Protein chains: 2
Amino acid sequence: MLLEAVPEAERRRLAPFLETVTLDLKDVMVEPGEPIRYVYFPSGAVASSVYTMRDGSTVETAITGFEGIVGVQVWLRESVAVTRTFVQVPGECMRMRSDTFLSEVVDAKSPLNDLICEYVNAYLSLTAITAACNRIHRIEERLCRWLKMVHNRVEGDSFPVRHEFLAYMLGVHRPSVSIAAAMLRKAGLIRYDYGRLTVLDAKGLEAGACECYTAMELEFERRFGKRLRK
Amino acid sequence: MLLEAVPEAERRRLAPFLETVTLDLKDVMVEPGEPIRYVYFPSGAVASSVYTMRDGSTVETAITGFEGIVGVQVWLRESVAVTRTFVQVPGECMRMRSDTFLSEVVDAKSPLNDLICEYVNAYLSLTAITAACNRIHRIEERLCRWLKMVHNRVEGDSFPVRHEFLAYMLGVHRPSVSIAAAMLRKAGLIRYDYGRLTVLDAKGLEAGACECYTAMELEFERRFGKRLRK
DNA sequence: GAACTTCTGTAAGCTAGCCGACAGACTGCT
DNA sequence: AGCAGTCTGTCGGCTAGCTTACAGAAGTTC
């Protein structure tokens with residue numbers, strides 16, 4: 001968790017403003033067009049930010065786990081976002097009210113503030129790379145990238161996920177995901193038990209992913225690599 | 001230009017730090033992985049930020065004209081970017097050295113600083129919407145959107161652009177652009193004279209564009225609409 | 001354990017866009 | 001004017017992924 005990278009004294013100072021919440025699948029953290037009430041620091045949970053078209057089709061624009069915060073817009077002094085951010089892998093988060101975050105972290109020039117500034121950079125890069133990746137790369141490569149990125153952000157090798165969910169994330173149709181997932185299964189990279197996916201061959205997934213996997217994770221590694229461990 | 005929206009006194013204070021440059025087609029403003037030396041405020045020029053894959057294929061992730069700045073990463077205290085930003089429609093810009101920008105605008109809490117904070121928000125939204133649009137929408141719709149967005153950022157109704165250039169931006173193959181452009185031409189929306197495009201029917205272009213056109217321009221309109229006019 | 005719901009795999013037909021190639025149109029240079 | 005280089009339009013074969021549909025497997029509810 002990002003909070004773990006700040007000095008102990010500062011963590012103690014911020015502790016009273018933080019609460020721990022356990023979030024379930026699909027819990028919405030940020031709703032587009034609505035005020036952002038909290039900033040979240042995922043520990044075990046993983047969140048997705050998706051953009052939704054008028055016809056209901058959705059595409060993921062960014063993924064956030066222990067390495068980041070949900071609600072970067074608050075740091076940018078904005079009260080709304082264009083994307084919906086929701087829980088994709090259930091788990092724990094710390095959260096802080098947006099107004100408290102602004103006064104105690106941003107305006108107070110907390111050491112955490114600098115960390116988040118760096119994260120906003122990484123988030124921006126991540127979104128830009130996603131824009132290109134979504135255009136250029138094929139489903140199977142993107143699926144490998146996505147699964148490995150989630151794998152890097154959860155405890156253990158398995159997490160709950162359904163094909164339809166993957167289709168929302170990748171912005172493709174559900175049967176296309178089934179076909180791609182079947183290939184990965186046949187290649188021995190993953191196992192699938194009704195809504196639960198297990199990574200069997202992490203190296204293989206990485207090899208099957210597009211170059212964007214490395215590019216994206218490098219954005220976090222080069223900024224937080226030494227300070228932050230899962 | 002964004003600078004025009006700050007109080008006159010502040011503009012006078014910043015004037016000594018600014019220089020006017022005339023940029024040509026393809027001039028690079030920000031090179032990925034290299035230090036960002038200047039922050040640019042386009043007036044007549046329009047810039048594109050593109051992400052380049054290892055195999056050389058490129059996709060635009062954002063577009064910047066008079067409504068924004070090139071080099072948002074500097075504001076975020078980052079010295080490099082993952083995208084290349086270059087001149088897509090030649091014209092004038094003001095520019096300021098990155099270190100001066102940090103001391104005289106960001107740290108000095110210039111009124112300009114708040115404007116740019118808002119722009120960073122818009123830029124982030126723009127990039128996220130682009131990520132989804134690139135995945136979902138067809139070439140013709142995206143071409144209409146792109147042309148109209150450029151049209152909104154230039155003087156007059158015509159600007160230089162080649163099909164190959166459009167293909168780089170949209171992340172598609174050149175002949176696909178030719179086909180889409182021919183349709184727009186036949187529909188009477190545009191005229192094409194060897195590397196120079198003229199918008200004949202702006203409303204028609206808007207109607208042919210995907211919903212992302214409105215969504216993106218709204219991000220700027222709602223933030224700068226009252227303060228900034230082309 | 002029976003009925004129901006949800007999730008996954010698959011298939012056939014279709015379409016947008018890729019890919020490579022090429023010819024004609026235009027521009028610029030000499 | 002002539003030549004070379006650049007830009008645009010088009011074509012034919014090809015492929016990834018869409019669309020719709022459906023059947024079976026695995027959970028869920030009563």
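1. Start with helix H4 of chain A, residues 111-136. In this predicted model, H4(A) lies across strands S4 and S5 of chain B. The helix runs at about 135 degrees to S5(B).

2. The contact between the two protein chains involves 28 residues of chain A and 28 residues of chain B. On the chain A side, strand S5 (58-64) and H4 each supply at least two residues. H4(A) gives the most, with 14 residues. By class, the side of chain A that touches chain B has 13 nonpolar, ten polar and five charged residues.

3. S4(B) and S5(B) belong to an open sheet of four strands in chain B. The strand order is S2-S6-S4-S5, and the pairing is antiparallel. Strands S2 (28-30) and S5 (58-64) of chain B stand at the edges. Each has a single partner strand, so one side of each is left without a neighbour in the sheet. Neighbouring strands are turned by 35 degrees against each other on average, direction ignored.

4. Inside that sheet, look at S4(B), residues 46-52, and S6(B), residues 84-89. These strands pair in the antiparallel sense over five bridges. Val46(B) stands opposite Val89(B) in S6(B).

5. Chain B has its own H4, also spanning residues 111-136. Its partner here is helix H9 of chain B, residues 212-224. The two axes come within 10 Å and cross at roughly 175 degrees. Angles over 145 degrees count as roughly antiparallel, and H4(B) and H9(B) are therefore roughly antiparallel to each other.

6. Which residues make the contact between H4(B) and H9(B)? From H4(B) come Glu118(B), Ala122(B), Ser125(B), Leu126(B), Ile129(B) and Cys133(B). From H9(B) come Cys212(B), Ala215(B), Met216(B), Glu219(B), Phe220(B) and Arg223(B). By class, this contact has eight nonpolar, one polar and three charged residues.

7. Turn to the DNA. DNA strand C is surrounded by 19 residues. The closest are Arg162(A) and Pro175(A) from chain A, with Arg138(B), Val172(B) and Ser176(B) from chain B.

8. Which elements give two or more residues to the surface near DNA strand C? They are helix H6 (163-170) and helix H7 (174-186) of chain A, together with helix H7 (174-186) of chain B. H7(A) provides the largest share, six residues. The residues of this surface divide into ten nonpolar, five polar and four charged.

Note on methods:
Residues are numbered from 1 along each chain as its sequence is written. Chains are lettered from A and ligands numbered from 1 in the order in which they are written. This is a predicted model: local features need pLDDT of at least 70, side-chain atom pairs count only at pLDDT 80 or more; totals for chains, interfaces and linings use all residues. Two strands pair if DSSP finds at least two bridges between them. Axes are lines fitted to C-alpha atoms, for helices over the stretch in contact, and angles run from 0 to 180 degrees between N-to-C directions. Two residues are in contact if their C-beta atoms, placed from the backbone, lie within 7 Å. Angles under 35 degrees count as roughly parallel, over 145 as roughly antiparallel, 65 to 115 as roughly perpendicular and the rest as oblique. Ala, Val, Leu, Ile, Met, Phe, Trp, Tyr, Cys and Pro count as nonpolar, Asp, Glu, Lys and Arg as charged, and the others, Gly among them, as polar. A residue is near a molecule or strand if its C-beta atom, placed from the backbone, lies within 6 Å of it.
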